[in-house]
Amino acid sequence: MPLLAWILLFSLVGSVFSVLAAGLFLVLPAGWRERVMPHLISFAVGALLGAAFLALLPDAILHGGVEPHGLMLATLLGLLGFFLLEKFVLWRHSHVDTRDLRGVHSTGAGQIGMSPGILVLFGDALHNFVDGVLIAAAFLTDIGLGIATSLAVAAHEVPQELGDFAVLLGGGRSRLRALLLNILSGSATLVGAVLAYFALGATEGLLPYVLVVAAASFIYIAVADLIPGLHARFEARAIVEQVVAIGLGVVVIYWAHGVAH
C-alpha cells in the first residue's frame with residue numbers, strides 16, 4: 001500500500017473514527033460511562049508515554065545520525081512551548097478534566113469572552129492539524145512508528161472528544177450537530193497529514209525534530225492534562241486499576257511498534 005494511503009488511513013483512525021467512537025459512547029448509560037472513563041484515561045496515559053519513550057524518541061535519535069543533545073534540547077523546548085500555548089488557551093482545548101468524570105470541562109472561556117463551543121472547535125481543529133503532521137512525520141520515518149503514533153493519538157482522542165461533546169451539548173447544541181461539528185474539526189488531521197507528507201518528504205532533515213516535538217506533546221498531555229486527574233482517586237483498588245490500564249497502554253504501543261517493524 002502506498003505510504004500516503006497508510007498516512008490517510010491512520011489519520012482517520014486518530015481523528016474521525018475517534019469522534020465516532022466517542023459519539024457511540026454517549027449512547028451508553030451515564031453510570032456505565034463514568035465507570036469506564038477512568039480506565040480509558042489511564043490507558044491513554046500509558047499509550048502516550050509508551051509512544052513517546054519507546055517509539056518516537058528512540059527513532060528520532062537513530063534517524064539520520066542527528067546529534068542527540070540537539071534533539072533533547074528540542075524536546076525540552078517543545079515541552080515549554082506547549083506549556084506556554086496552554087497558558088494562552090491555544091493548546092488546552094478539550095482534554096477531559098479527569099477530576100470530573102461527568103464530562104464537565106474547564107476551558108477558561110469566561111476569562112477571554114469566547115463561547116466555550118467556539119473555543120473547543122478552534123482548539124480541536126488546531127490540535128488535530130498538529131496530530132496529522134505528527135502522524136505523517138512518524139510514517140515518513142517508519143511504518144511501525146506511524147502505527148504506534150496513530151494508536152497513541154486515537155487513545156487520547158476518544159476521552160478528549162467526550163469532553164468536547166460535553167461542552168457542545170452543554171451549550172445547547174443537539175447530539176447530531178455536536179457530532180458533525182466534531183467530525184469537521186477532526187478532518188483537520190487529514191489536512192495536516194497531507195501537507196506534512198509533501199513538506200517533510202522534501203526536507204527529511206526536519207523529521208527527527210518533528211518526532212521529538214511529537215514526543216514532547218504526548219508527554220505533556222499525559223503528565224499535565226491526564227495524570228493529575230488520576231490522583232483524585234486514592235483507594236487501593238483504583239490505584240491497581242490505573243497501573244494495570246497504564247501498563248496495558250504501554251504494552252499495546254510496544255507491540256504495535258515492534259510487530260510493524
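Q: Which residue's backbone oxygen does the side chain of Ser185 reach, at 2.9 Å?
A: Residues are numbered from 1 along each chain as its sequence is written, and side-chain values use heavy atoms, leaving out hydrogens and water. A polar contact pairs N or O atoms within 3.5 Å; within protein, one must be able to donate a hydrogen and the other to accept it, and residues adjacent in sequence count only if both atoms are side-chain atoms. At 2.9 Å, the side chain of Ser185 reaches the backbone oxygen of Asn182.

Q: Is Ser185 buried or exposed?
A: Buried means under 20% relative accessible area, exposed over 50%, and partly exposed in between (1.4 Å probe, protein chains only). Because its relative accessibility is 5%, Ser185 counts as buried.

Q: Which residues is Ser185 in contact with, leaving aside neighbours within four places in sequence?
A: Ser185 sits in helix H8, residues 175–186. Contact means heavy atoms within 4.5 Å. Leaving aside those neighbours, the partners of Ser185 are Leu121, Asp124, Ala125 and Asn128.

Q: How many helices does the protein chain have?
A: Helices (H or I, at least four residues) and strands (E, at least two) are DSSP runs, numbered from the N terminus. The chain has 0 strands, and its helices come to 11.

Q: Are H3 and H10 roughly parallel or roughly antiparallel?
A: Axes are lines fitted to C-alpha atoms, for helices over the stretch in contact, with angles from 0 to 180 degrees between N-to-C directions. The axes of H3 (residues 30–62) and H10 (residues 207–230) come within 9 Å and cross at roughly 155°. Under 35 degrees is roughly parallel, over 145 roughly antiparallel, 65 to 115 roughly perpendicular and the rest oblique. H3 and H10 are therefore roughly antiparallel.

Q: Is the crossing of H3 and H4 left-handed or right-handed?
A: Leu57, Ala60 and Ile61 in H3 meet Pro68, Leu71, Met72 and Thr75 in H4. The two axes come within 9 Å and cross at roughly 145°. A crossing is left-handed if the near helix is turned anticlockwise from the far one by less than a right angle, and right-handed if clockwise. H3 passes H4 in a crossing that is right-handed.

Q: Over which residues does pLDDT stay under 50?
A: The mean pLDDT of the chain is 81, and 85% of its residues reach 70 or more. Where pLDDT is low, the predicted coordinates should not be read in detail. The stretch under 50 is residues 93–114.

Key: Predicted model: local features only at pLDDT ≥ 70, side-chain atom pairs only at ≥ 80, totals over all residues. pLDDT = per-residue confidence, 0-100.
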